[in-house]
Structure formats: C-alpha cells, structure tokens
Amino acid sequence: MSEVQSPSSGTSSSTGAVPALIGAHRDPERRILRLVWQDGHEGEHPYDQLRGWCPCAACQGHGGTLHFQPPRRPVQLESLRPVGRYALSMLWSDGHGTGIYDFEYLRQLCPCEICENERGGPPNPSRR
C-alpha cells in the first residue's frame with residue numbers, strides 16, 4: 001500500500017468547514033484510496049468513482065453542473081501527489097492526470113455511510 005502524507009495543518013477550505021487531509025493510502029489490490037482526515041474520519045474511495053468524478057475541464061467542461069463520467073474500463077491509481085496544502089493530483093492508468101481534487105471536493109465524494117447520511121444521499125458533487 002502506498003502512502004502520501006499531506007503537509008496540511010488546520011482546515012483546507014477558506015471557510016474552515018472541511019478538516020485537513022492528513023493521509024492518503026493507495027490500495028491497488030482493492031482498487032481504493034483511503035483518505036484520513038484530521039477530525040478522525042476515514043473514507044475509502046473506489047478508484048473508478050474518483051476517476052469518474054474527475055474535476056478537470058476536459059472531463060467536466062468549463063463551469064456549470066458536474067457530472068459523473070464513468071471510465072471506459074476499470075482504472076488503477078498510478079501515482080498520487082499533494083498539490084500545495086489544499087488538494088491531491090492523481091494519475092490514472094488510462095493516462096489521465098489533469099484533475100486537481102481539492103480536499104473539500106474529496107470530502108464531498110466520500111462514499112461512506114456516515115457521509116451519505118449527512119448528505120442525504122450518495123456522493124453527488126453537482127450539488128455544490
């Protein structure tokens with residue numbers, strides 16, 4: 001399992017609403033990314049879900065509502081790196097790697113039952 005420790009401290013958003021991401025652990029066998037937050041929350045994100053919600057302009061256009069774009073075939077997370085103190089950059093096995101996933105966005109994508117109950121449904125960042 002690969003690991004990235006975030007350099008963040010405090011909160012990741014200007015509103016202070018989202019706790020800082022303190023760890024990101026790839027699990028290629030299970031095809032999940034486990035994110036550990038400063039408030040103790042841990043979420044397991046399937047690779048295909050993260051790839052499908054890539055926030056880049058090539059995947060989502062230039063503004064407006066975000067849409068899930070399922071990958072054409074299952075993907076692997078080839079590399080993961082921090083972007084400043086607010087986001088992660090991911091390189092996928094399909095060659096795509098331009099999306100910058102800020103911490104607030106990643107928290108909105110958390111598929112766990114706790115986050116689903118707080119949101120009132122499954123991950124849907126189009127509700128931003």
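Modeller: Let us start with Arg30 and Glu44, whose side chains meet in a salt bridge (a side-chain nitrogen of Lys or Arg within 4 Å of a carboxyl oxygen of Asp or Glu), at 2.7 Å from N to O. Arg30 lies in the loop between S2 and S3 and Glu44 in strand S4 (residues 42-46), so the pair ties together parts that are 14 residues apart in sequence. This is a predicted model, in which local features need pLDDT of at least 70 and side-chain atom pairs count only at pLDDT 80 or more, while totals for chains, interfaces and linings use all residues. Residues are numbered from 1 along each chain as its sequence is written, and side-chain values use heavy atoms, with hydrogens and water left out.

Biologist: Which residues are linked with Glu44 in a network of salt bridges?

Modeller: Side chains of opposite charge can pair when their charged atoms come close. Glu44 itself is partly exposed, with a relative accessible area of 36%, where buried means under 20%, exposed over 50% and partly exposed in between, using a 1.4 Å probe and protein chains only. The network that holds Glu44 also contains Asp27 and Arg30.

Biologist: With which residue does Arg31 form a salt bridge?

Modeller: Arg31 belongs to the hairpin of S2 and S3, which has 4 residues between the strands, and it takes a positive phi near 60 degrees there. The partner lies in helix H1 (residues 47-52), so the pair ties together parts that are 17 residues apart in sequence. The closest N and O atoms are 2.7 Å apart, and the residue that Arg31 meets is Asp48.

Biologist: How many residues apart are Arg107 and Asp39?

Modeller: The side chains of Arg107 and Asp39 meet in a salt bridge at 2.9 Å, N to O. Arg107 counts as buried at 17% relative accessibility, whereas Asp39 is partly exposed at 44%. The pair links distant parts of the chain, with Arg107 in helix H3 (residues 103-108) and Asp39 in the loop between S3 and S4, and the separation is 68 residues.

Biologist: How many bridges join S2 to strand S3?

Modeller: Helices (H or I, at least four residues) and strands (E, at least two) are DSSP runs, numbered from the N terminus, and two strands pair if DSSP finds at least two bridges between them. Strand S2 (residues 21-27) has 6 of its 7 residues buried, so it is largely enclosed by the rest of the structure. Leu21 stands opposite Trp37 in S3. S2 and S3 (residues 32-37) run antiparallel, and the number of bridges joining them is 6.

Biologist: In what order do the strands of the open sheet run?

Modeller: The sheet is formed by 3 strands with antiparallel pairing, in the order S5-S6-S7. The edge strands, each pairing on one side only, are S5 (77-83) and S7 (100-102). Strand S6 (residues 87-92) pairs with S7 over 3 bridges, and the bridge partner of Ser89 in S7 is Ile100. The order asked for is therefore S5-S6-S7.

Biologist: Is His96 buried or exposed?

Modeller: His96 lies in the loop between S6 and S7. Leaving aside its neighbours within four places in sequence, His96 is in contact (heavy atoms within 4.5 Å) with residues including Arg51, Cys54 and Met90. At 13% relative accessibility, His96 counts as buried.
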